[in-house]
Amino acid sequence: MTIDLATLARAVQSAYDEHHAAPGGDNASYIPYLAKVPSGLAGLAVVTVDGDVLTAGDSDFRFAIESISKVCTLALALDDVGPDVVQAQVGADATGLPFNSIIALELHHDKPLSPLVNAGAMSTVSLVKAASVEDRWQRILAMQSALAGAPLELSDEVNQSEQTTNAHNRAIAWLLYSAGVMYCDPMEACDVYTRQCSTLITAAQLATIGATLAAQGVNPVTKNKVLLEGHTRYVLAEMTMEGMYGSSGDWAYTVGLPAKSGVGGGILAVVPGVMGIAGFSPPLDAAGNSVRGQLMVADVAKAMGYNLYAG
């Protein structure tokens with residue numbers, strides 16, 4: 001598809017100008033590091049499948065990737081064990097409950113249902129083939145970096161902040177283990193999951209992840225083949241079902257693109273075959289999604305006429 005880059009650049013700047021200071025929302029407060037990030041930050045980036053990069057605002061500010069990391073680990077698990085195993089052992093359905101819900105496990109016979117909620121994400125981490133804790137972590141970090149087109153790094157400050165406040169996730173990990181849906185030591189999975197959420201990324205790098213998924217697993221910046229042929233469709237399907245947590249259905253209804261949010265303030269959307277769009281701003285709505293990030297990403301998609309369900 002030929003993209004008018006001048007029109008796209010205007011759409012990016014217009015969306016940023018319109019929404020970068022939109023009111024509403026609060027920083028995630030249950031993770032001390034995130035509570036301290038300046039709430040006025042906002043950035044927007046688009047990366048096309050041809051490698052064009054367009055940005056506005058604080059697109060180079062490094063923020064915590066948080067739950068968007070689940071997309072990267074899902075991609076790695078799909079390559080390691082295949083889509084049938086991921087669907088059978090983790091799932092591909094929305095839970096209908098918050099991303100850290102224990103009740104969701106009880107209601108669904110201990111199956112996590114989605115790799116994009118905390119329970120399913122830890123189960124997915126445990127599916128990654130690894131010889132040790134460090135091997136598991138390094139393989140996940142390498143996948144994040146390959147998708148982003150740049151070496152990403154763990155923030156010791158974010159990780160420490162997360163590791164000291166993750167008792168709820170540790171409880172979920174043990175429940176998964178007792179139900180037979182944890183495929184390595186549960187505390188190893190929880191530790192590595194917490195680390196994967198603690199890497200730092202920019203909006204431009206996040207958009208590159210989206211562009212790589214849009215380009216069937218070929219990173220348009222590095223030109224490297226990152227994912228196995230045909231696996232991106234499963235990632236995008238999971239993003240559609242649960243990527244925006246309790247707002248996933250509303251997002252599909254109004255925006256019509258696969259997307260994933262993180263409580264660090266990032267929003268990633270994918271236009272298959274065309275581009276990745278990423279917004280960043282720390283204040284979150286009640287579902288845990290960036291208020292401004294959603295508005296900016298949705299505006300770009302609408303201005304360019306991108307909606308999978310619009311024909």
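Reply: A residue is called buried under 20% relative accessible area, exposed over 50%, and partly exposed in between, with a 1.4 Å probe and protein chains only. By that rule Cys190 is buried because its relative accessible area is 1%. Cys197, at 3% relative accessibility, is buried as well. The model is predicted, so local features are reported at pLDDT of at least 70 and side-chain atom pairs at pLDDT 80 or more, while totals for chains, interfaces and linings use all residues. Numbering starts from 1 along each chain as its sequence is written, and side-chain values use heavy atoms, without hydrogens or water.

The two cysteines can be taken further. A disulfide requires a pair of cysteine sulfur atoms within 2.5 Å, and the count by this rule is 0. For Cys190, the nearest cysteine sulfur is that of Cys197, 9.6 Å away, and Cys190 is in no disulfide.

Next come the rings. Phe, Tyr and Trp rings (the six-membered ring for Trp) pair if their centres lie within 6.5 Å; planes under 30 degrees apart are stacked, over 60 edge-to-face, and the rest tilted. The whole structure has 3 aromatic pairs. One of them joins Phe63 and Phe280, which are stacked because their ring centres are 4.2 Å apart and their planes meet at 5 degrees. Phe63 belongs to strand S3 (residues 63–64) and Phe280 to strand S8 (residues 275–280), so this contact ties together parts that are 217 residues apart in sequence. Here and below, helices (H or I, at least four residues) and strands (E, at least two) are DSSP runs numbered from the N terminus. Phe63 and Phe280 are both buried. Trp174 and Tyr177 make an edge-to-face pair, 5.7 Å from centre to centre with 90 degrees between the planes. Trp174 and Tyr177 sit 3 residues apart in helix H9, so about one helical turn separates them. Trp174 is partly exposed at 43% relative accessibility, and Tyr177 is partly exposed at 46%. Returning to the phenylalanines, ring pairs link Phe61, Phe63 and Phe280 into a cluster.

The spaces are found on a 1 Å grid over the protein atoms alone: a cavity is a set of points where a 1.4 Å probe fits but cannot get out, a pocket is an open set with protein on both sides within 12 Å along at least five of seven lines, and lining residues have an atom within 4 Å of a point. Points are joined across faces, edges and corners, and the volume is the space filled by probe spheres set on them.

The largest pocket has a volume of about 250 Å³. Its lining holds 16 residues, and those nearest the centre are Tyr30, Ile31, Asn118, Glu162 and Asn169. Helix H9 (167–178), the helix that carries Trp174 and Tyr177, supplies at least two residues of this lining, as does helix H10 (186–196).

The second largest pocket contains about 160 Å³ of space. It is lined by 13 residues, with Pro83, Gln87, Ala92, Tyr234 and Glu238 nearest its centre. Helix H3 (69–81), helix H4 (83–89) and helix H12 (232–242) are the elements that give two or more residues to this lining. H12 provides the largest share, 5 residues.

The largest cavity has about 70 Å³ of space. It is lined by 14 residues, of which Thr95, Ser101, Ala104, Pro112 and Val117 are closest to the centre. Helix H5 (103–107) and helix H6 (118–127) are the elements giving two or more residues to that lining. The second largest cavity, with about 30 Å³, is lined by Asn27, Ala28, Leu34, Val37, Val263, Gly264 and Pro282.

Two loop residues complete the account. Glu66, in the loop between S3 and H3, has a positive phi near 50 degrees although the residue is not glycine. Glu66 is buried, at 4% relative accessibility. Gln216, in the loop between helix H11 (203–214) and H12, also has a positive phi, near 60 degrees, in a residue other than glycine. Gln216 is partly exposed, with a relative accessible area of 38%.
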